[in-house]
Amino acid sequence: MRVPNSVVLPVGTHVDCCKEEEVEEKSHDIMAKITAMLAERKSNLTHFINNLEGSEEPKFYVDQWERLKEMESCTLSILNLVAVNCTDHRDIKKLEATILEHVKNEELFPEVVRVLPPVYRQVESAIVDIAQSEEMADHGMMDLEHLLSRLSQRKHLAHLGRGLLQDILRYLHRIGLVVWYEEINHLESTVFLQPTFLITMFKLLVRYRLVQQLESIS
C-alpha cells in the first residue's frame, strides 16, 4: 500500500484441503474483504487529511499532511486471486504461467518493454558465477567494494564504475537475484549474493511463540 503503482496477485493455497465449492466461496470472500479493506483505507486517509486541513493551525501539520497525500496517491492494482494446491506440480506451473502472463501485460507494467543495456546482463551473469563459485561462503555476503573489484577483473567489465554497479544492483535487487539494503546505513556496503541465506536466518530468528520457546528451556 506504500509503494506507488503496486500490483498484487493474491494466492490462496491448501486447495487440497477444501471442497470445490468451498474454494470458489472462499476466493470470493477474500476478494470482497480486500476490496472492503482498500475502500476503508481510502476513506480513513481522506478523513485524516480533511482533519489536518480543517485544524486551527494547519501549518504545524504540513509534514503529516504531505505523508498522507503521498499515501493517498499510491495506486494499487489487485488481480484476481489464484487458488493452488501446492502439492500438485500442475498447479505450481499454472501459477507460474499466470504470473508471467500478468508481468508481460504492458498496461500493468509499462516498463516491461524497456531494453536494458548489455552491461546489465553481463554483470548479472558475472554475479551468478561468483555466487556459485567454490570459494564463495555459504552466507553469500560480500563487501560492495570487494564485489566491484571482483567484477572489474573481468575483461569486459574492466571499466565498471561504482555508480553503474549500484544502478545494476538496484535492478537485481528488484528482480530478487541479490539483496542490497542500500537505505540501511549499517548494511549499505554489504551485498547478499545468496538471498536464500537471509530466508533461512530469518526463519531461525523470527518464529511463532519464540519467547515462550526460549522460556521453556531450562
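Select Glu 182 to start: at 30% relative accessible area, this residue is partly exposed. The model on screen is predicted.

**Stop 1: Glu 182 and its partners**

Arg 170 and Glu 182 form a salt bridge, and their closest N and O atoms are 2.7 Å apart. The pair ties together distant parts of the chain, 12 residues apart. Arg 170 belongs to helix α6, residues 162–174. Glu 182 sits in the loop that runs between α6 and β6 (190–192). Arg 170 is partly exposed as well, because its relative accessible area is 28%. Asp 167, Arg 170 and Glu 182 are joined in a network of salt bridges.

**Stop 2: Asp 88 and Arg 90**

How many salt bridges does the count give? The count is nine. Select Asp 88 and Arg 90 for another of these contacts. The two residues form a salt bridge, with 3.0 Å between the closest N and O atoms. Color the pair by accessibility. Asp 88 has a relative accessible area of 19%, so it is buried. Arg 90 has a relative accessible area of 65%, so it is exposed.

**Stop 3: along helix α1**

Go to Asp 29 and Lys 33. Their side chains meet in a salt bridge, N to O at 3.3 Å. Both residues are in helix α1, four residues apart, so about one helical turn separates them. Lys 33 has a relative accessible area of 54% and is exposed.

Stay in the helix and pick Glu 25, which lies in α1, residues 20–53. Glu 25 is exposed, because its relative accessibility is 58%.

Draw a distance from the C-alpha of Phe 48 to that of Lys 69. The two residues are 21 positions apart along the chain, and the distance is 9.9 Å.

**Stop 4**

Select Gly 54. The residue lies in the loop between α1 and α2 (62–73). Gly 54 is exposed, because its relative accessibility is 62%. Now draw a line from Gly 54 to Ala 131. Their C-alpha atoms are 56 Å apart in space, and the residues are 77 apart in sequence.

**Stop 5: His 14**

Select His 14, in the loop between β2 (11–12) and α1. Check its backbone angles. What is the phi of His 14 near? The value is near 60°, which is positive, and the residue is not glycine. His 14 counts as exposed, because its relative accessibility is 52%.

**Stop 6: the cysteines**

Show the cysteine sulfurs. A disulfide is a covalent bond between the sulfur atoms of two cysteines. How many disulfides does a search of the whole structure find? The search finds zero.

Zoom in on Cys 18. The closest cysteine sulfur belongs to Cys 17, at 6.3 Å, so the gap is too far for a bond. Cys 18 is partly exposed, because its relative accessibility is 26%.

Then jump to Cys 86. Here too the closest cysteine sulfur is in Cys 17, and the distance is 9.9 Å, too far for a bond. With a relative accessible area of 47%, Cys 86 is partly exposed. The cut-off used for a disulfide is 2.5 Å between sulfur atoms.

**Stop 7: a nonpolar patch**

Finish with Phe 202, Leu 204, Leu 205 and Val 206, shown as a surface. These residues form a nonpolar patch on the surface. Their accessible area together is about 430 Å². Focus on Val 206, in the loop between α7 (195–205) and α8 (210–215). Val 206 is exposed, because its relative accessibility is 62%.

Conventions. Residues numbered from 1 in each chain as written. Predicted model: local features only at pLDDT ≥ 70, side-chain atom pairs only at ≥ 80, totals over all residues. Heavy atoms only, no water. Helix = DSSP H or I, 4+ residues; strand = E, 2+ residues; numbered from the N terminus. Buried < 20%, exposed > 50% of the residue type's maximum accessible area, 1.4 Å probe, protein only. Patch = residues over 30% accessible without salt bridge, like charges linked within 9 Å, V, L, I, M, F, W, Y side chains within 5 Å. Areas by Shrake-Rupley, 256 points an atom, 1.4 Å probe, with all protein chains shown as cover. Salt bridge = Lys/Arg side-chain N within 4 Å of Asp/Glu carboxyl O.
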